[in-house]
Amino acid sequence: MKRVAVIGTGQTKHTKARDDVTQSELVREATTRALADAGITIHDVDAVVLSNMELFEGRALPEMWVGEGAGGYRKPVMKIATGGTSGTSACIAGYHQCASGLFDIVLVVGWEKHSEGATQTGMALTDPLWDRNVASGAVGNFALSISQYVAERGVTPQQAAKVAVKARRNAARNPYAHLQMDGITVEKVLESRMLADPIHLLDMCPQSDGACAVIYAAEDRAPKLCPRPAWVRAAVTRHDQPYIGDLDRRLVTMRTLRDAAREAYQRVGITEPLKEIDVAEIYEPVSYAELAWYEALGFCAEGEAGRLIDDGITEMNGELPVNPSGGVLSTNPVGASGVIRVAEAVMQVMGRAGDHQVPDARLALATGYGVYAWSDVIILSTG
Amino acid sequence: MTELLRVSHTMTLSWRYGTSWYFAEFIRALRDERRLLGLRCPVCRRVYLPPRPVCGNCYAELREWVEVKDSGTVRAFTIVHTPIIDPTSGQLRPTPYGMALIQLDGADTTLNHYLAESNPAKIRIGMRVQAVWREERRGTLSDIVHFVEMNNQTMNDEQ
Amino acid sequence: MAGDGLLAACHGAMSILAGAYNVVLVVAHCKASMGDPHGITNWSYDPIFQQPLGLDDVATSALQASTLSLAPPLPCSIADGAAAIILSRPSSVPAPHLIGMGWALDEHYLGDRDLTDSPALREAARRAYTLADIDDPKRDITFVELSDQFDYQRKLWASVLFGKTSEVFETSEVSARGVPPFVAGLDRLIEVVLRLRKETGTALAHGCWGPCGQGQVVVVVRR
């Protein structure tokens, strides 16, 4: 097995609707930018992994039509759909393809074009026998979990709103982000329309059109192609039971993220994540979730997440900036969102994050979250 | 520049999901006897409701039916304000409505179902609730209309 | 992941080769009886030019059959089914070994393709043979298990793999007919493994998915 690094990334400007491109062309935009960033051509790419939740756009086998946009012509192309974790699953698959020794250069592209479909089709993710007649979408499910989290850990709506404010203000310095709201405040979040108690509109992620690509290279190629490659140090996946009612206090315990992080930290030798990690891009579909993830990721003890956001520890100038890109709360083309986490983490350690660069970032964490409780944890570093 | 065009599609598709022995038995007891049944894992002894064939943690087959009460405790709740299409009817659900994860007495997992109450100030985790049944049962989980807070009046009715 | 179950086996194999896991369970299933195969396969054609024609896999198989001067094939019967295999690191246990794998995607627009040929299958096989160190497949491969979506395709795949006048050593009186799509490739791999448990040899398992087999996957196994 080989060491693997990311040598380039590319993404589209994520927006509410890209009426000017097909899905295939959207993928080609991100692919072209990633190739340029990596300094290679499409002919150097050995294999392609695609990430997309095609049911949202009313498609089946989307790699058939869209594969061309990623240069999949007569190449090994594989497509993955694992809910919100699609992007990180694809990134981990691409990493495995490279580490296996089978391929030297692997392109991973995730995309979603929510404007072309109906997200209610996401109902299909819900168990058809027991859960569907009551299911109230992602926001309903999050709200249920959040009610337990709030009851046990005591976070306030204001603290959650601070997470939403941090995200959109960070996004204002990310030219690719969808929601850029420099003037957003806690009051505006709490005054925004209630979706499902206690989640307000501005607590929740948007639906975006967008694509994002990363390019992996095996250890014998990476240093020749890239002056400062982002080496994959750990990539861990954990999944859990599907019924919404099975997992005891899901957001409170978040055992998949906890387990995956523990394993990843052990592989890299991280014992104090808050001190040792320079920047984190974590997949937070709703503001409260980010607070729960601080605890599950070991950034703080249980019950301390509110203090972390109150003290500004996870702001851009804090000890551990979380989501300098604006996160999923600012940009959410579902099939791409996990890839964006990895790409943004890579951009940080490569020093290519522009206006939202965390100074001297060397060790970065990226996570994926999906369905009810699936988690991916990826750690990248220079050297 | 030439004006950009869009291509539209409309399709009606329907699915019929095959179910298994445990679903048939659960629904039979619900419809014919107004009883709720869970399945107990032989290894960890957890009682699962809704029932399913295998325990997720132990990967052991579940065969032992356990009767579960139609009263329980609210473990999580929300009030939904966003209109969502109910897949069983194809219609938008009127909002707002209360929804909860309810641990029925005798079960170890929770059931996702409606609450009659839609004022969040009147709902709390740990609240005791009671199922309200439809007069004529058809053999679906919506034979339970929703759950209401148990109070002395309700308990007296039960006796 | 999406596509044929045999591709999932490749996915699992690579994660073992990458050092991520020691033992991987691969499962493929299909329950087409629950839904509408016409509708769903129609969704796999691009929404701009092909989907609006009402194309589905039955119609396009008829198109492909006509290019081979064959009559339209009978629609394959809808089947429900599942298959599972367990992969692990090579060990001293004398189990069949996965020694080569390859997959590739053809062009999407039917009009762009030569439907009497399958460059994707040729490419997938080439990659598998390279990994397996096989430079004369007709000599080195003992037997073959091919998938199809429709009956005529097995002859087409065989001629792409071994030439037009080849004999193909299939165990198939039990042919791929009756095995559901997306399961078929993994089912072929199981047939290969079951036979290799009884006799030594080098075998090829094949899977395909998408419009007229746009996606192709080949795995080589030896004991």
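**Close-up views of a predicted model**

**View 1. The overall size of chain C in this predicted model.** A compact globule of 223 residues would have a radius of gyration near 17 Å, and chain C has 17 Å, so the two agree. Along the principal axes, the C-alpha atoms of chain C fill a box of roughly 55 × 40 × 30 Å.

**View 2. Helices and strands of chain C.** Count the elements: chain C has seven helices and six strands. Start at the N terminus and follow their order: α-β-α-α-β-β-α-α-β-α-α-β-β.

**View 3. Burial and contacts inside chain C.** Of the 223 residues in this chain, 47% count as buried. Burial here means that 20 or more other C-beta atoms lie within 10 Å of the residue's own. Now look at contacts between residues at least 6 apart in the sequence of chain C. Of these, 75% join residues at least 24 apart.

**View 4. Where chain A meets chain B.** Chain B brings 32 residues to this contact, and chain A brings 31 residues. On the side of chain B that touches chain A, the elements giving two or more residues are strand 4 (71–80), strand 5 (97–104) and strand 6 (111–115) of chain B. Strand 4 of chain B gives the most, with six residues.

**View 5. Residue types on the side of chain B that touches chain A.** Sort the residues on this side by type. Nonpolar residues number 18. Another 12 are polar. Two are charged.

Methods: Residues numbered from 1 in each chain as written. Chains lettered and ligands numbered in written order. Predicted model: local features only at pLDDT ≥ 70, side-chain atom pairs only at ≥ 80, totals over all residues. Contact = placed C-beta atoms within 7 Å. Helix = DSSP H or I, 4+ residues; strand = E, 2+ residues; numbered from the N terminus. Nonpolar A, V, L, I, M, F, W, Y, C, P; charged D, E, K, R; others polar. Rg over C-alpha atoms; globule rule 2.2 N^0.38 Å. Buried ≥ 20, exposed ≤ 12 C-beta atoms within 10 Å, placed from the backbone.
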